[in-house]
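Dear colleague,

I am passing on a structure that I would like you to look through before we discuss it. My notes on what was found follow below it.

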Amino acid sequence: MSLNKSSRHPSSSAQAETLFVHWVGDTPHWVAVDRQGQVLESGVLESDDNDRQLSCRSARHVVVLFDAALASPLTLDLPPMPANRQAQALQWAAEEFVAGPIEEEHVVAGPRSADGELFALTMARETMGELFASIEHLSPDQLMPDALCLPYQDGQLSLAESHGRVLLRWGRWSFGAFNASTAALMLDQFQALDWVWYGQQAPSASLDETLSGRLSRVGEDRSLLELLIPQAGATEINMLTGPWQPDAAKRWRGEWRWVAGLAFAVCVLATGLVAVEQHLLARQANQLQAEVTETFQSLFPGQRAMGRERELLAREMARLQYGQAAGLMELMGWVGPVIAAQSNLRVESLNYRSGELELSVSAPDVASLDAVGQQLRSRDLEASVQSATLSGQGANGRVIVRRGGS
């Protein structure tokens, strides 16, 4: 294909932002626009085996509009989900709307409706392969049906004609391309809508009688492709997915693989540094623990060091008035070793009043609580387990301890 420029839009020195190509018929039209959507150049593509590239391929993006008769719009009741899961579920959600085997269909997700339904397009994979082979030399970034890009408003039927096809759009995701006789038959069901005809090309003679007196015309001084561009730029659909993804996406994926590899290497290095730091902290913690144990033994000779009970004991001693802690220390001298010997027990709180020590203890089961009571009683202490309850996390209860005979 070679480029034939139109004299209507003189060449501009500004770089084209997007090249739109209407790939229908033997002479597809193209329009190059800048970032503001202003037309820089336009023309047609003519057959030329010696030139397989567009001179306007310097555009940052290439968008191709194809014959809407090749694809079918779908509205699917598919809940939101991650992109990878949606890609797997999409084809099977569309199965009931497809006549042939779903494995032979190329299904692509689009935007969602206000009600959360998922819009999609489906096309035979064989047809998609043939279409892509014909436009691959353009290095397209986006591919979508032309009728979907007709301007549209609620309560309106949008129409246009291109290469013997009549393009219709009567809803946000309701559109198609038909021959003139089929289009004339379809118009009967849209009597309640306002009919608007777009583009320079007037309705063919076969539609004159049907459209007579009903039609408003828009953009008679502009090509159809120019009128399709605004909607094409805002449409969230791209048939170039899977094996037909655009070159830019492939390059992007390759670049991100390199970034992901680098990130993985950084994570490995960071993990190694964290492991070294944890080892050093563990050594320091062990040293501090040894110092704490040594201090505890100097304060309470012959008593086994306890865990969280030490914190609770210090708190309770601080609460008691001078002289009232003597009985507490004596009781803890007996109770502490019993509690510390049970690795599956945890003291949640303790309270000392009038010679009676009350421990709030959690254990795997009620039997473990009863075993603590029995061990304390074997040491000539009065011990009882009260308010024992069982939950999904284990058992909780109060252990009441007194000196024997007090």
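What is the mean pLDDT of the chain, and what percentage of its residues reach 70 or more? This is a predicted model, and the mean pLDDT of its chain is 82, with 77% of the residues reaching 70 or more. Confidence is lowest in strand S1 (residues 2-5), where the mean is 54, and highest in S9, where the mean is 98. Over residues 7-12 the pLDDT is below 50, and this stretch has 15 contacts in the model beyond near neighbours in sequence. Residues 252-256 also have a pLDDT under 50, and for these the model has 1 contact beyond four places in sequence. Where pLDDT is low, the predicted coordinates should not be read in detail.

As for the chain overall, it has 406 residues, of which 40% count as buried, and it contains 9 helices and 18 strands. Among the contacts between residues at least 6 apart in sequence, 58% join residues at least 24 apart. The accessible surface comes to about 22,200 Å², and carbon and sulfur atoms account for 50% of that area.

Helix H2 deserves a paragraph of its own. In this helix, which covers residues 125-135, Met128, Leu131, Phe132 and Ile135 are buried. Seen down the axis of H2, these buried residues fall within an arc of 100°, so they line one face of the helix. An α-helix has 3.6 residues a turn, so residues three or four places apart point the same way. On the face of H2 that is turned away from the buried side one finds the exposed residues Glu126, Glu130 and Ala133. What do the buried residues of H2 pack against? They pack against strands S2 (18-23), S5 (61-66), S7 (105-112), S8 (118-124) and S9 (142-145).

Turning to the charged side chains, the count of salt bridges comes to 9. One of them joins arginine 222 and glutamate 226, whose closest N and O atoms are 3.9 Å apart; with a cut-off of 4 Å between the side-chain nitrogen and the carboxyl oxygen, the pair therefore counts as a salt bridge. Arginine 222 is partly exposed, at 33% relative accessibility, whereas glutamate 226 is buried, with a relative accessible area of 6%. Another salt bridge is formed by glutamate 348 with arginine 346, where the closest N and O atoms are 3.3 Å apart. Here glutamate 348 counts as partly exposed at 32% relative accessibility, and arginine 346 is partly exposed as well, with a relative accessible area of 42%.

The side chains of arginine 398 and glutamate 358 also meet in a salt bridge, at 3.4 Å from N to O. Arginine 398 lies in strand S18 (residues 394-403) and glutamate 358 in strand S16 (residues 356-363), so this pair ties together parts of the chain that are 40 residues apart in sequence. Arginine 398 is partly exposed, with a relative accessible area of 26%, and glutamate 358 is likewise partly exposed, at 26% relative accessibility. Elsewhere, salt bridges that share partners join Glu17, Arg35 and Arg60 into one network.

Not counting residues up to four places away in sequence, glutamine 156 touches Pro151, Arg169, Trp170, Leu193, Asp194, Val196 and Tyr198.

Tyrosine 152, for its part, is placed in the loop between S9 and S10 and is partly exposed, with a relative accessible area of 22%. Its side chain makes a polar contact of 3.4 Å with the side chain of aspartate 154. Leaving aside neighbours within four places in sequence, tyrosine 152 is in contact with Ser158, Arg169, Trp170, Gly171 and Arg172. As for tryptophan 170, which is 18 residues from tyrosine 152 along the chain, the C-alpha atoms of the two are separated by 7.5 Å.

With best regards

Key: Residues are numbered from 1 along each chain as its sequence is written. This is a predicted model: local features need pLDDT of at least 70, side-chain atom pairs count only at pLDDT 80 or more; totals for chains, interfaces and linings use all residues. Side-chain values use heavy atoms; hydrogens and water are left out. Buried means under 20% relative accessible area, exposed over 50%, partly exposed in between (1.4 Å probe, protein chains only). Helices (H or I, at least four residues) and strands (E, at least two) are DSSP runs, numbered from the N terminus. The arc is that of the directions from the helix axis to the C-beta atoms. Contact means heavy atoms within 4.5 Å. Accessible areas come from the Shrake-Rupley method with a 1.4 Å probe; for residues, only the protein chains shown count as cover. pLDDT is the predictor's confidence in each residue, from 0 to 100. A polar contact is a pair of N or O atoms within 3.5 Å; within protein, one must be able to donate a hydrogen and the other to accept it, and residues adjacent in sequence count only if both atoms are side-chain atoms.
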